[in-house]
Amino acid sequence: EETWVVMKTARAPSNIAVIKYWGKRDEKLILPINSSISVTLDPEHLSATTTVAASPAFEKDRLWLNGKEVSVEGVRYKNCLREMRARATDVVIESSGKVIRKEDWNSLHIHIASENNFPTAAGLASSAAGFACLVYALAQLMGVQEKYEGELTAIARLGSGSACRSLYGGFVEWKMGQEIDGTDSIAVQLAEESHWKDLVIIIAVVSSRQKETSSTSGMQESVKTSPLLKYRAEMEKAIKSMNFTEFAKITCADSNQFHATCLDTSPPIFYLNDTSRKLIGLVERWNRHAGEPQVAYTFDAGPNAVMFAKNKEVAAQLLQRLLYQFPPSADTDISRYVHGDQSILESAGVNSLKDIDSLS
Ligand code: PMV
């Protein structure tokens with residue numbers, strides 16, 4: 001009996017859509033009815049870390065999420081594993097020189113252990129980070145090379161649509177594609193992480209509770225094309241030219257229309273709560289007084305806010321206002337994360353992320 005084990009670990013960040021995907025033209029292949037655009041978040045605060053292992057001693061595929069074993073029998077996991085096995089190559093184990101043959105991967109079982117460093121399924125795209133990370137880790141383990149650019153994003157898409165966008169950093173577009181087999185429904189990078197240096201992203205974790213309606217079931221109820229789809233090109237232009245005013249207008253409008261679509265479903269789906277609505281009010285009033293947008297907000301399938309500040313100074317003010325308006329109390333649990341430059345916290349008079357967490 002052979003006794004060996006090979007393993008690889010990878011980390012992938014979450015992403016937040018500024019033009020959202022909501023509705024599928026093909027449920028099985030997860031093909032969307034519109035293209036979407038997102039920004040990939042900072043892995044320090046919002047990412048999944050996944051270890052994948054293979055050994056002849058493993059009797060079946062198994063999966064642990066945040067330390068708890070869960071079923072790997074769902075079609076999403078099965079589809080990802082099947083597509084990765086089909087692309088596996090000969091892999092040499094460095095320590096022993098043993099060769100795992102391409103065809104061996106069909107019978108080798110895989111163990112997967114994945115951890116999120118943020119609340120699972122609270123509308124912060126935990127499945128996006130998770131499936132992007134799984135596909136990337138499996139590619140390392142099985143020696144998979146892309147045959148065309150974006151091939152791995154199309155496999156991550158089979159796990160969770162939004163996952164395809166987490167394989168790249170910066171601003172990313174998921175092109176809806178035309179083919180019925182989904183080979184062209186892939187993610188492409190629009191701009192690198194370092195492109196828009198002034199922009200600061202602040203996440204207000206309004207609630208870390210699991211959402212009541214999953215995005216998958218929500219989408220089945222409310223298949224509608226975003227009326228803002230026609231602004232996709234404008235959004236792309238705003239990102240490329242770093243035009244915050246345009247970026248903010250389209251981002252907020254897309255988020256509001258998405259939640260309006262949810263409300264327009266029967267029965268209605270509520271993802272926002274009172275705190276979310278207060279946050280929207282705060283930003284809207286601020287922008288109106290300033291005469292032009294200083295902050296933009298967007299909410300996914302949950303109550304947590306992702307806010308974009310025009311620059312560091314605005315970000316520091318935003319943090320101060322958040323701390324003032326949402327003091328810690330029994331019924332609000334706001335903790336805040338700043339994406340990127342931590343010195344913003346100091347200029348806001350907050351010493352560290354720990355300080356902020358302990359206020360909640
Ligand atoms: O891919 P899913 O099932 O996590 O759906 C994500 C849907 C939204 O987060 C609401 C929008 C988006 O484009 O990320």
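The following exercises, with worked solutions, concern a predicted model.

**Exercise 1. Determine how helices α1 and α3 are oriented to each other, and which residues meet.**

Step 1. Helix α1 comprises residues 75-86 and helix α3 residues 151-159; their axes lie 7 Å apart, at an angle of about 155 degrees.

Step 2. Angles over 145 degrees count as roughly antiparallel. The two helices, α1 and α3, are therefore roughly antiparallel to each other.

Step 3. On the α1 side, the contact involves Arg-76, Asn-79, Cys-80, Glu-83 and Met-84; on the α3 side, Ile-155, Leu-158 and Gly-159. Sorted by class, the contact of α1 with α3 has four nonpolar, two polar and two charged residues.

**Exercise 2. Identify where in the chain confidence is highest and where it is lowest.**

Step 1. For the chain, the mean pLDDT is 86, with 82% of residues at 70 or more. The model has an ipTM of 0.96 and a pTM of 0.89.

Step 2. Confidence is highest in α3, with a mean of 98, and lowest in helix α10 (residues 353-359), with a mean of 39.

Step 3. Over residues 330-336 pLDDT stays under 50, and the model has 19 contacts beyond four places in sequence for them. Residues 350-360 also stay under 50, with 15 such contacts.

Step 4. Where pLDDT is low, predicted coordinates should not be read in detail.

How values were computed. Residues are numbered from 1 along each chain as its sequence is written. This is a predicted model: local features need pLDDT of at least 70, side-chain atom pairs count only at pLDDT 80 or more; totals for chains, interfaces and linings use all residues. Axes are lines fitted to C-alpha atoms, for helices over the stretch in contact, and angles run from 0 to 180 degrees between N-to-C directions. Helices (H or I, at least four residues) and strands (E, at least two) are DSSP runs, numbered from the N terminus. Angles under 35 degrees count as roughly parallel, over 145 as roughly antiparallel, 65 to 115 as roughly perpendicular and the rest as oblique. Two residues are in contact if their C-beta atoms, placed from the backbone, lie within 7 Å. Ala, Val, Leu, Ile, Met, Phe, Trp, Tyr, Cys and Pro count as nonpolar, Asp, Glu, Lys and Arg as charged, and the others, Gly among them, as polar. pLDDT is the predictor's confidence in each residue, from 0 to 100.
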